[in-house]
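The text should be read alongside the sequence and the 3D view shown here.

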Number of protein chains: 2
Amino acid sequence: MADGPTINTIAERAGVSIASVSRVLNGLPTRQETVRKVMAAADELGYVRNAVARSLKSRRTHQVAFAMADVGNPAYLAMLREIQPVLKAAGYRLVLHSTDAVVADEIDVLHSLGERYVDGLIMSPLRVTGQHLEMLAAARAPVVIIGSVPEGTRVDNVRADSRTGVRLAIDHLYALGRRRIGLVNGPLDTVPGAARGAAYREALTDLGLPYDEDLVRIGDFYRAEGGRAVAELLDRVPDVDALMCANDLIALGALDVLRAAGKRVPGDVAVVGMDDTDLAAASWPALSSVSLGSAERGKAAAELLLDRLQGGDREPRVVTVPPRLVVRASTAGPPDAAAGHGSAERAEGREGGA
Amino acid sequence: MADGPTINTIAERAGVSIASVSRVLNGLPTRQETVRKVMAAADELGYVRNAVARSLKSRRTHQVAFAMADVGNPAYLAMLREIQPVLKAAGYRLVLHSTDAVVADEIDVLHSLGERYVDGLIMSPLRVTGQHLEMLAAARAPVVIIGSVPEGTRVDNVRADSRTGVRLAIDHLYALGRRRIGLVNGPLDTVPGAARGAAYREALTDLGLPYDEDLVRIGDFYRAEGGRAVAELLDRVPDVDALMCANDLIALGALDVLRAAGKRVPGDVAVVGMDDTDLAAASWPALSSVSLGSAERGKAAAELLLDRLQGGDREPRVVTVPPRLVVRASTAGPPDAAAGHGSAERAEGREGGA
DNA sequence: GCGCACGCGGTAAACGTTTACAGTAAACGA
DNA sequence: TCGTTTACTGTAAACGTTTACCGCGTGCGC
């Protein structure tokens with residue numbers, strides 16, 4: 001791997017100055033003869049521009065960072081899938097950070113913006129601390145936050161509306177005749193956890209249903225722990241007839257546990273997930289899920305950032321993506337009155353048995 | 001956003017030369033007094049090293065690129081999940097490219113290595129063309145290929161062994177008493193497609209089963225098209241009793257279609273997927289799947305690359321990750337003799353019905 | 001008291017570009 | 001013929017670091 005050619009090498013070979021080489025390579029007006037010589041030399045040498053040197057001079061890296069809370073979570077992956085092509089189309093590379101939702105790591109990423117190895121950042125923190133806000137205010141490059149930040153924070157911001165999302169799900173379950181609706185939530189000190197908890201309570205109140213603490217269980221946002229929380233809930237409220245789960249992974253855990261407990265879904269218990277990930281469609285019974293528009297949020301965030309990178313100053317903008325309830329088999333009908341027949345799945349002819 | 005401080009700013013404020021500032025910041029031996037002054041100035045100014053300038057000088061970017069064929073495919077995501085922390089731990093950032101398995105895009109990525117914006121590359125091409133090999137030979141930075149390359153290609157290489165993987169699955173199905181085993185494959189001009197097709201044929205031969213063209217269908221590697229291919233297969237061979245699917249997405253498509261056709265899984269048809277993605281565990285019935293060690297391959301690739309980045313020259317290495325069959329409900333027993341009772345799921349008491 | 005080693009720190013070059021500025025030659029008008 | 005415009009090209013500075021090299025002052029041995 002001998003050192004690659006630089007514009008100096010080319011200049012020498014073509015018998016012109018490095019300035020001319022640069023001009024030719026950038027398409028600035030130049031005499032035909034010079035263009036020809038430079039191009040020929042560049043071709044023969046297999047010249048490729050050095051991105052680092054260009055960045056140093058131009059103060060632009062054409063890189064954007066995406067700091068996702070969790071590389072394993074399909075909701076973030078959905079964002080990633082949308083962010084990637086938008087950036088690519090605009091000529092930006094994507095630098096991926098995984099913070100595992102650890103605050104220190106997120107602060108680290110914000111801090112490292114000062115190193116100027118990227119032109120901007122998209123970040124999706126699970127929790128937003130005072131430290132986050134401080135760093136955001138001092139950030140040396142444009143940042144877009146996916147998730148909610150306190151009012152008045154001067155930063156571009158893309159939000160889901162999980163409050164309305166929970167409402168959609170609860171109303172749906174209510175309309176199906178469910179009255180003992182449980183909530184399996186993630187930690188209350190996360191932004192989504194808190195929002196979903198509050199929205200659940202509110203929705204019940206508005207529907208005139210009592211709020212029962214035994215119907216609310218808290219775990220983390222993963223399958224195993226979600227299942228554990230559901231088991232606990234079943235233990236306390238055996239006749240629960242619907243479960244609102246704070247995300248799809250929790251809902252999968254719920255399906256596991258319900259199945260093990262001999263409960264039919266949706267015959268005995270209807271289950272709704274959240275995020276509408278690929279897993280929802282893959283599970284059996286297929287999971288009704290509230291889409292919080294992960295894909296749309298990713299896209300919006302990327303576009304906000306590009307706009308900021310290209311446009312320069314403007315007031316920070318807040319984009320809110322509306323939720324959408326996707327109804328599948330896991331909530332496909334009213335609860336069974338009797339035991340064991342005419343479940344919704346059967347009505348649709350989709351069950352696995354003969 | 002006033003221009004951030006540079007070592008010049010610090011030097012001025014501390015009353016020393018930029019060389020001293022640099023030495024202090026890099027921990028080179030310096031008088032205590034100088035260290036103190038520089039540190040104080042740096043702190044007050046909120047100085048952060050400029051990564052671009054450092055890279056230009058040191059010819060190291062501390063970035064590594066991962067070019068994945070498809071951001072949507074869980075198998076590649078599993079690699080990503082392993083690659084990320086390995087690189088992070090070694091102080092490298094991850095630049096993510098999605099090539100959508102388009103050859104031109106992959107060549108582009110290889111070409112752009114010349115821009116020196118990364119120190120190395122991990123790439124997982126679906127097809128390896130002559131153009132790939134040419135670019136690999138001329139690459140200006142170390143590359144690790146995930147997937148098979150022709151013998152003698154001088155490049156670090158991490159392989160799955162899908163031949164043995166298919167063999168594991170077919171032997172398993174045979175042991176369960178299945179004799180009409182279909183294959184739902186992806187395109188034959190892809191490396192995995194070709195390997196799986198050949199392995200299937202070989203396995204049948206070794207087991208003394210006839211090779212029947214009607215039992216082999218080709219689609220792409222996605223759910224919808226996989227389902228279509230299965231429908232076609234069912235049409236030609238209604239009494240097929242097992243399906244080997246070239247990946248999990250195809251297998252999910254198979255489950256969809258089998259369910260719609262009123263076939264029980266595994267009672268009538270056993271189904272095996274490949275890649276052992278999250279989806280396999282999430283589906284119902286849970287999918288038996290051949291793990292090709294995506295996670296291990298990602299990890300191995302990252303480690304090979306780091307070794308190369310740190311160690312310098314050595315002979316190219318080939319790492320082969322052995323496959324592993326993960327048995328779940330979709331192959332949990334022998335075919336039912338009679339119609340409709342005693343399926344494996346029921347035996348395990350896990351079905352959705354009462 | 002003188003020469004020398006040694007520990008520090010400053011000057012300047014280098015990494016590979018872009019670009020402001022100045023310089024040159026040709027073309028043109030008076 | 002001469003000045004001026006025009007069209008191009010070269011010189012050099014700059015982006016923010018790292019580092020080779022040199023010079024200076026101190027302390028030591030003789």
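A:Asp276 sits in the loop between strand S9 (270-274) and helix H12 of chain A, where helices (H or I, at least four residues) and strands (E, at least two) are DSSP runs numbered from the N terminus. A:Asp276 is not a glycine, yet its phi is positive, at about 45 degrees. The model is predicted: local features need pLDDT of at least 70, side-chain atom pairs count only at pLDDT 80 or more, and totals for chains, interfaces and linings use all residues. Residues are numbered from 1 along each chain as its sequence is written, while chains are lettered from A and ligands numbered from 1 in the order in which they are written.

One joins A:Val265 and A:Pro266, with omega about 5 degrees, and A:Pro266 is in the loop between H11 and S9 of chain A. Another runs from B:Trp284 to B:Pro285, with omega near -5 degrees; B:Pro285 belongs to the loop between helix H12 (278-282) and strand S10 (288-291) of chain B.

**Domains of chain A**

The domain assignment, whose bounds come from an automatic or database source, gives chain A domain 1 (7-49), domain 2 (59-161 + 294-323) and domain 3 (162-292 + 326-345). Taken over C-alpha atoms, the centres of domain 1 and domain 2 of chain A are 39 Å apart. An unreviewed UniProt entry places the feature "domain: HTH lacI-type" at residues 5-58 of chain A; UniProt positions follow the numbering used here, feature names are shortened, and annotations may be inferred rather than shown by experiment. Residues 5-58 of chain A are 70% helix and 0% strand, with 21 Å between the end C-alpha atoms.

**The DNA strands**

A residue counts as near a strand if its C-beta atom, placed from the backbone, lies within 6 Å of it.

| DNA strand | Residues around it | Closest residues |
|---|---|---|
| C | 27 residues | A:Ala19, A:Asn50, B:Ser17, B:Ala19, B:Arg31 |
| D | 27 residues | A:Ala19, A:Arg31, A:Thr34, B:Ala19, B:Asn50 |

The surface near DNA strand C has eleven nonpolar, nine polar and seven charged residues. For these classes, Ala, Val, Leu, Ile, Met, Phe, Trp, Tyr, Cys and Pro are nonpolar, Asp, Glu, Lys and Arg are charged, and the others, Gly among them, are polar.

**Chain A against chain B**

The contact takes 45 residues from chain A and 45 residues from chain B, two residues being in contact if their C-beta atoms, placed from the backbone, lie within 7 Å. On the side of chain A that touches chain B, H4, helix H5 (74-89), strand S2 (93-98), helix H11 (248-260) and helix H12 (278-282) each supply at least two residues. That side has 21 nonpolar, twelve polar and twelve charged residues.

S2(A) and strand S2 (residues 93-98) of chain B run antiparallel, joined by three bridges; strands pair if DSSP finds at least two bridges between them. A:Leu94 has B:Leu96 as its bridge partner in S2(B).

How is chain A laid on chain B, by what turn and what shift? A turn of 180 degrees and a shift of 0.0 Å along the axis do this with an RMSD of 0.1 Å, superposing by least squares on the C-alpha atoms of residues with pLDDT of at least 70 in both copies. That is the relation of a two-fold axis. The same surface serves both copies, as 100% of the contact residues of chain A recur in chain B.
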